[in-house]
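The exercises below each pose a task and then work through a solution step by step. Please keep the sequence and the structure in view while reading.

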Amino acid sequence: SSAASDVYKRQDLILAKVTKNNNDKIARIILYIFLAVTIFLTFIVLKNIITPVYGNINSIHWISVDAKLLNASIKTTTTSRSSSNSSVYTYKGPQITYQYDFEGAHCIGRKVWWIEGTDNGPLEQLAYKFKSYYKAGKPIRVFVNPDKPCEAIADRAVHWSKLTTSVVMLLVLLLFGGGIMHLLLKMRKKW
């Protein structure tokens with residue numbers, strides 16, 4: 001009877017160890033998936049931070065010229081943050097087409113800022129500004145790449161207020177990713 005009891009105890013211990021190992025493997029797989037998603041999102045956020053800063057630095061020697069607005073409209077994006085749609089947010093941004101001449105080249109451009117999008121800050125203000133200029137027939141200033149005359153941008157500034165959200169998201173992602181790495185290293189040491 002005591003020998004049978006010892007066998008049952010050993011079987012219970014082996015079963016508990018196998019179950020724990022399987023649970024650890026599942027937990028590691030889930031953590032690796034979270035880590036991969038975190039790394040992917042970090043690269044996207046980094047791109048949204050680096051692109052306007054790099055674009056501004058890269059275009060410091062671009063030439064400012066007058067451009068005629070051929071079209072100006074306001075792009076609207078609406079999102080809701082709850083399942084009941086009680087909180088609806090509207091973001092606006094410019095959609096323009098402009099024409100300019102530079103060193104004999106007749107060019108048409110559409111690029112407003114380094115990253116396309118909408119917001120309730122600088123891009124929304126630009127949208128209304130361009131729309132009013134279009135209605136009044138006023139030209140806008142665009143910045144032209146002297147090496148590629150048909151490459152231009154209407155607003156080459158770095159809008160730090162727009163980038164603040166991206167920087168906060170980056171910090172959260174880095175902390176989250178660091179926490180996952182810590183858990184994975186802790187689990188690895190238990191082996």
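Predicted model: local features only at pLDDT ≥ 70, side-chain atom pairs only at ≥ 80, totals over all residues.

**Exercise 1.** Which backbone oxygen lies 3.4 Å from a polar atom of the side chain of Arg-156?

Residues are numbered from 1 along each chain as its sequence is written, and side-chain values use heavy atoms, with hydrogens and water left out.

*Solution.* Begin by locating Arg-156, which is found in the loop between E5 and helix H3 (160-190); helices (H or I, at least four residues) and strands (E, at least two) are DSSP runs numbered from the N terminus. The oxygen asked for belongs to the backbone of Ser-59. Next, list the residues in contact with Arg-156, where contact means heavy atoms within 4.5 Å: leaving aside neighbours within four places in sequence, these are Asn-56, Ser-59, Ile-60, Trp-114 and Phe-143. Finally, consider charge, counting Lys and Arg as positive and Asp and Glu as negative, with His and the chain ends not counted. Arg-156 is buried but has no salt bridge, and Asp-155, the nearest side chain of opposite charge, is 7.8 Å away. Here buried means under 20% relative accessible area, exposed over 50%, and partly exposed in between, for a 1.4 Å probe and protein chains only.

**Exercise 2.** Find which side chains meet in a salt bridge, and state where they lie.

*Solution.* A salt bridge requires a side-chain nitrogen of Lys or Arg within 4 Å of a carboxyl oxygen of Asp or Glu, and the structure holds one. The partners are Arg-141 and Asp-66, with 2.8 Å from N to O. They link distant parts of the chain, since Arg-141 is in strand E4 (residues 140-145) while Asp-66, 75 residues apart from it, is in strand E1 (residues 63-80). As for accessibility, Arg-141 is partly exposed at 43%, and Asp-66 is likewise partly exposed at 44%.

**Exercise 3.** Identify the cysteines that form a disulfide, and describe their link.

*Solution.* By definition, a disulfide is a pair of cysteine sulfur atoms within 2.5 Å, and a search of the whole structure finds one. It is formed by Cys-107 and Cys-150, whose sulfur atoms are 2.1 Å apart. Because Cys-107 lies in strand E3 (residues 105-109) and Cys-150 in strand E5 (residues 148-153), the pair ties together parts that are 43 residues apart in sequence. The angle about the S-S bond is -70°, and the link is left-handed. Cys-107 counts as buried, with a relative accessibility of 1%.

**Exercise 4.** Describe how E4 and E5 pair, and name the bridge partner of Asn-145 in E5.

*Solution.* Two strands pair if DSSP finds at least two bridges between them; E4 and E5 have three, in the antiparallel sense. These strands form a hairpin with two residues between them, and the partner of Asn-145 is Lys-148.

Technical notes
Polar contact = N/O pair within 3.5 Å; in protein donor to acceptor, adjacent residues only side chain to side chain.
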